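I opened the notebook to record what I looked up in this structure, item by item. The entries keep to what could be computed from the atoms.

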Amino acid sequence: MQDEGSQLVSYLVAPRRRELWWTSARRGRKTLALGALMNSQGRVYAWDTSARRLARLEARLKRSGLSNVHPQ
């Protein structure tokens, strides 16, 4: 349920290309979904206080091929 719910939120906010978004990195589900919905245009900044969570997001980001997501 969490996987689907996280991604549904991304559709509900309907990000547009060239917009700027800040998200919580946590597992990166919403972050990567937002980046994909924006077709790698605009910027999505993923922020988290945990370096470990950001490292996991960076690994998932590499696999996704998105260029508009920036872990902070």
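The entries below go from the ground rules to the sheet, the helices, the loop and the surface.

**Ground rules.** I am working from a predicted model, in which local features need pLDDT of at least 70 and side-chain atom pairs count only at pLDDT 80 or more, while totals for chains, interfaces and linings use all residues. Residues are numbered from 1 along each chain as its sequence is written, and side-chain values use heavy atoms, with hydrogens and water left out.

**Sheet.** I looked up the strand order and found an open sheet of three strands, S1-S2-S3, with parallel pairing. S1 and strand S3 (69-71) stand at the edges with a single partner strand each, so one side of each has no neighbour in the sheet. The twist averages 25 degrees from one strand to the next. For the terms, I note that strands (E, at least two residues) and helices (H or I, at least four residues) are DSSP runs numbered from the N terminus, and that two strands pair if DSSP finds at least two bridges between them. Angles run from 0 to 180 degrees between N-to-C directions, with axes as lines fitted to C-alpha atoms, for helices over the stretch in contact.

I then went to the pairing of S1 with S2, which is parallel and runs over five bridges; within it, Trp21 has Val44 of S2 as its bridge partner.

**Tyr45.** Which residues does Tyr45 touch, not counting those up to four places away in sequence? I found Leu20, Trp21, Trp22, Thr23, His70 and Gln72, where contact means heavy atoms within 4.5 Å. Tyr45 belongs to strand S2 and is buried, with a relative accessible area of 17%. For these classes, buried means under 20% relative accessible area, exposed over 50%, and partly exposed in between, with a 1.4 Å probe and protein chains only. I also checked Tyr45 against Ala14, which is 31 residues away along the chain, and the C-alpha atoms are separated by 16 Å.

**Helix H3.** This helix lies across S2 and S3 and runs at about 155 degrees to S3. I picked Leu61, which is found in H3 (residues 51-64) and is buried at a relative accessible area of 10%. With neighbours within four places in sequence left aside, Leu61 is in contact with Leu32, Leu66, Val69 and Pro71.

**Helix H2.** I listed the buried residues here and noted Thr31, Leu32, Ala33, Leu34 and Gly35. Leu37 is also in H2, but counts as partly exposed at 29% relative accessibility. Setting aside neighbours within four places in sequence, I found Leu37 in contact with Ser10, Tyr11 and Pro15; Pro15 is 22 residues from Leu37 along the chain, with a C-alpha separation of 6.7 Å.

Where do I find Asn39? Asn39 is in the loop between helix H2 (29-37) and strand S2 (43-47), and has a positive phi of about 55 degrees although it is not a glycine. Most residues other than glycine have a negative phi. Ser40, in the loop between H2 and S2 as well, has a positive phi near 60 degrees. Asn39 is partly exposed, with a relative accessible area of 43%, and Ser40 counts as partly exposed at 27%.

**Salt bridge.** I searched the whole structure and found one salt bridge, the term being a side-chain nitrogen of Lys or Arg within 4 Å of a carboxyl oxygen of Asp or Glu. Arg53 and Asp48 form it, at 2.9 Å from N to O. Is Asp48 buried or exposed? Asp48 is buried, with a relative accessible area of 9%, whereas Arg53 is partly exposed at 21%.

**Surface patch.** My last entry is a nonpolar patch formed by Leu20, Trp22 and Trp47, with about 400 Å² of accessible area together. Patches are made of residues with over 30% relative accessible area and no salt bridge, like charges being joined within 9 Å and nonpolar side chains (Val, Leu, Ile, Met, Phe, Trp, Tyr) within 5 Å. Accessible areas come from the Shrake-Rupley method with a 1.4 Å probe, and for residues only the protein chains shown count as cover. Leu20 is found in strand S1 (residues 20-24) and counts as exposed at 52% relative accessibility.
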